[in-house]
Amino acid sequence: MANFPFSPDVERTAIVLAHRPEGMIADRVLPRAGVNKREFTYAVHDRQSLTSIPQTLIGRKSAVNQIEFGSRDIQSSVRSFGLSTVIPNDDERNAPAGNRPSDSAVTSLYDLIALDREKRVADIVFAAETYGTNTGTPNTKWSTLATSNPIGDLKSARDACLKKPNKLIIGKEVWSVLCTHPKIVSAVHGITSDGIVREAQIAQLFDVAEVIVGETWHDSAPKGKDAVKSWLWGKNVAFLHVAQNPAANGGSPTFGFTAEYEGRRVLNRAVTMGLQDGIEYLVGEDVRELVTAPDLGFLLTAVIA
């Protein structure tokens, strides 16, 4: 099979940019911030720079207190992620009107790339080592409905954050327990019977801008074995303060962000195959997920059995 150089595919790049993989929350948890080069510098903030009160009083003839911000610059670089597939020209020519196999192929490729990114972000955000000492475990797991206290546990975790959190990240398994927990239902609806609450009601109860539920899963079984459904967002919950528009340098302090270089894109090239040849489509992006201020988050681990 003869291969030719890849060329930018502007039309299908637009399709992929407009595509929103269902159920993925990585971009809401660690939002993207553009960087100009593959190698870049980002700022990491320490606790003291975020909380200490400096001397601001200026005497009539004294010098103004000059501040050195307590952040340090870290060198990093984006990593490339991508997948490709080949569409025979004969398939494209014989497809029903308005249904191009190449369009479906590039969005399906990006769904898989996004699933991989979702796992990377979940592994970072739900890892205890990310937070240093900002972690805890409920005395009683919330799945023990009669004696657990998710309201107290969540309030303590929220108040332990260095800065008021604006996001509460919850995995699907935990959410299924939390949204019907008797103490939560009673606090929201004022009833002690069975009920259910929604994300917006939990956000209001704990005074955060949004509750984000991770609902994605992957098949973790070895190839050829029966499927094993493994949730990407496990049995932890995290309070985070994430800047609305993070930047690698010069932006507001944020728990973390995703450095993005050039953005997601589609490339194509002709390939020799069969009687009619075909087109190989490559979908990719250059990103790096980073935690820049772990003190702006708190992780509760193993909250359910």
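Contact here means heavy atoms within 4.5 Å. Keep that cut-off in mind on this tour of a predicted model.

**The whole chain**

Start with everything shown. The protein has 9 helices and 14 strands. Its C-alpha atoms fill a box of roughly 80 × 65 × 35 Å along the principal axes. Of the 305 residues, 43% count as buried.

**Stop 1: His-19**

Select His-19. It sits in the loop between H1 and helix H2 (26-29). Which residues does His-19 touch, not counting those up to four places away in sequence? They are Thr-107, Tyr-110, Asp-111 and Arg-264. His-19 and Ser-108 are 89 residues apart in sequence, yet their C-alpha atoms are 9.8 Å apart in space.

**Stop 2: H1 against H5**

Select helix H1 (residues 10-18) and helix H5 (residues 101-125). Their axes come within 10 Å and cross at roughly 45°. The two helices are therefore oblique to each other. H1 passes H5 in a right-handed crossing. Show the side chains in the contact. H1 supplies Arg-12, Ile-15 and Val-16. H5 supplies Ser-102, Asp-103, Val-106, Thr-107 and Tyr-110. Colour these residues by type: they divide into 4 nonpolar, 2 polar and 2 charged.

**Stop 3: helix H6**

Move to helix H6 (residues 150-160). Select Pro-150, Ile-151, Asp-153, Leu-154, Ala-157 and Arg-158, which are buried. Now look down the axis of H6. The buried residues fall within an arc of 165°, so they line one face of the helix. What covers them? The elements over the buried residues of H6 include strand E7 (167-171), H7, H8, strand E11 (237-240) and strand E14 (297-300).

**Stop 4: Cys-179**

Select Cys-179. It lies in the loop between helix H7 (172-178) and helix H8 (182-189). Is Cys-179 buried or exposed? Its relative accessibility is 6%. Buried means under 20%, so Cys-179 counts as buried. Leave aside its neighbours within four places in sequence, and Cys-179 is in contact with Val-185, Gly-195, Ile-196 and Val-197. The C-alpha atoms of Cys-179 and Asp-295 are separated by 27 Å. Along the chain, these residues are 116 apart.

**Stop 5**

Finish with the backbone. Most residues other than glycine have a negative phi.

Pick Glu-262 first. It lies in strand E12 (residues 256-271). Glu-262 has 55% relative accessibility and counts as exposed.

Then pick Ala-302. It lies in the segment after E14, a strand that is among those covering the buried residues of H6. Ala-302 has a positive phi of about 50°, although it is not a glycine. At 30% relative accessibility, Ala-302 counts as partly exposed.

Technical notes
Residues numbered from 1 in each chain as written. Predicted model: local features only at pLDDT ≥ 70, side-chain atom pairs only at ≥ 80, totals over all residues. Heavy atoms only, no water. Helix = DSSP H or I, 4+ residues; strand = E, 2+ residues; numbered from the N terminus. Buried < 20%, exposed > 50% of the residue type's maximum accessible area, 1.4 Å probe, protein only. Axes fitted to C-alpha atoms, helices over the stretch in contact; angles between N-to-C directions. Parallel < 35°, antiparallel > 145°, perpendicular 65-115°, else oblique. Left-handed = near helix turned anticlockwise from the far one by under 90°. Nonpolar A, V, L, I, M, F, W, Y, C, P; charged D, E, K, R; others polar. Arc of directions from axis to C-beta.
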